[in-house]
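Let's take a walk through this structure together, from the whole chain down to single residues. Have the model open as you read.

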Amino acid sequence: MNALWFHVLRTIYRKEPISAFILTAGMMNVAIGGIDHSTSLAVFGFSTVTIALILRWWSLSRRPEPIRVTPSARSGQVPVRALPETSSARSLPPLSMPKKPR
């Protein structure tokens, strides 16, 4: 369970670090407010968690759809390539210095 929890947290932090940090801070406020019986801190934590979830939802809804490139159904067409098959540039010179006879 601990390894699974760590994997989930690491994935969330890599995708959305700002909203995940706000979510974690809000959850800690809720936990501390619940332990200390501090209603104002718990309410502040719940509002922070809610803001983090809204921020995450908003950022996910603003992302454009990925462009999917599918090969054409016709096999007679030559595929368009971004780079040529062979390089027209000269090869690079050797990086090591030749050894001099003594």
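A charge counts as sitting over a ring if NZ of Lys or CZ of Arg is within 6 Å of the ring centre and within 35 degrees of the ring normal. With that in hand, look at Arg 62 and Trp 58: the charged end of Arg 62 sits over the ring of Trp 58, at 4.6 Å from the ring's centre. Please keep in mind throughout that this is a predicted model.

**The chain as a whole**

How many helices and strands does the chain have? The count is three helices and zero strands, and reading from the N terminus the order of elements is α-α-α. The chain has 102 residues, and 12% of them count as buried. Its accessible surface is about 9900 Å², with 67% of that area belonging to carbon and sulfur atoms.

Contacts along the chain can be sorted by how far apart the partners are in sequence. Taking those with a separation of 6 or more, 45% are between residues 24 or more positions apart. If you are searching for aromatic pairs, the number in this structure is zero.

**Where H1 meets H2**

Two packed helices are described by the angle between their axes and the distance between the axes. Helix H1 covers residues 2–15 and helix H2 covers residues 17–35; their axes are 5 Å apart and the helices pack at an angle of about 130 degrees.

Which residues meet here? On the H1 side they are Ile 12, Tyr 13, Arg 14 and Lys 15, and on the H2 side they are Pro 17, Ala 20, Phe 21 and Thr 24.

**Residues worth a click**

| Residue | Relative accessible area | Class |
|---|---|---|
| Thr 48 | 14% | buried |
| Asn 29 | 18% | buried |
| Ser 47 | 32% | partly exposed |
| Met 28 | 46% | partly exposed |
| His 37 | 71% | exposed |

Start in helix H2, where you will find Asn 29. Why does Asn 29 count as buried? Its relative accessibility is 18%, and buried means under 20%. Setting aside residues up to four places away in sequence, Asn 29 touches Leu 41, Ala 42, Phe 44 and Gly 45.

Met 28 is also found in helix H2. With a relative accessible area of 46%, Met 28 is partly exposed.

Now move to helix H3, residues 39–62, which holds Ser 47. Ser 47 is partly exposed at 32%. From C-alpha to C-alpha, Ser 47 and Val 30 are 9.5 Å apart in space, while in sequence they are 17 residues apart.

Thr 48 lies in helix H3 too. Which residues does Thr 48 contact, leaving aside its neighbours within four places in sequence? They are Ile 22 and Gly 26. Thr 48 counts as buried, since its relative accessibility is 14%.

Finally, visit the loop between H2 and H3, where His 37 lies. Is His 37 buried or exposed? His 37 is exposed, with a relative accessible area of 71%. Its backbone also deserves a look: His 37 is not a glycine, although its phi is positive, at about 60 degrees.

Terms used
Residues are numbered from 1 along each chain as its sequence is written. This is a predicted model: local features need pLDDT of at least 70, side-chain atom pairs count only at pLDDT 80 or more; totals for chains, interfaces and linings use all residues. Side-chain values use heavy atoms; hydrogens and water are left out. Rings of Phe, Tyr and Trp (its six-membered ring) pair if their centres lie within 6.5 Å; planes under 30 degrees apart count as stacked, over 60 as edge-to-face and the rest as tilted. Helices (H or I, at least four residues) and strands (E, at least two) are DSSP runs, numbered from the N terminus. Buried means under 20% relative accessible area, exposed over 50%, partly exposed in between (1.4 Å probe, protein chains only). Contact means heavy atoms within 4.5 Å. Accessible areas come from the Shrake-Rupley method with a 1.4 Å probe; for residues, only the protein chains shown count as cover. Axes are lines fitted to C-alpha atoms, for helices over the stretch in contact, and angles run from 0 to 180 degrees between N-to-C directions.
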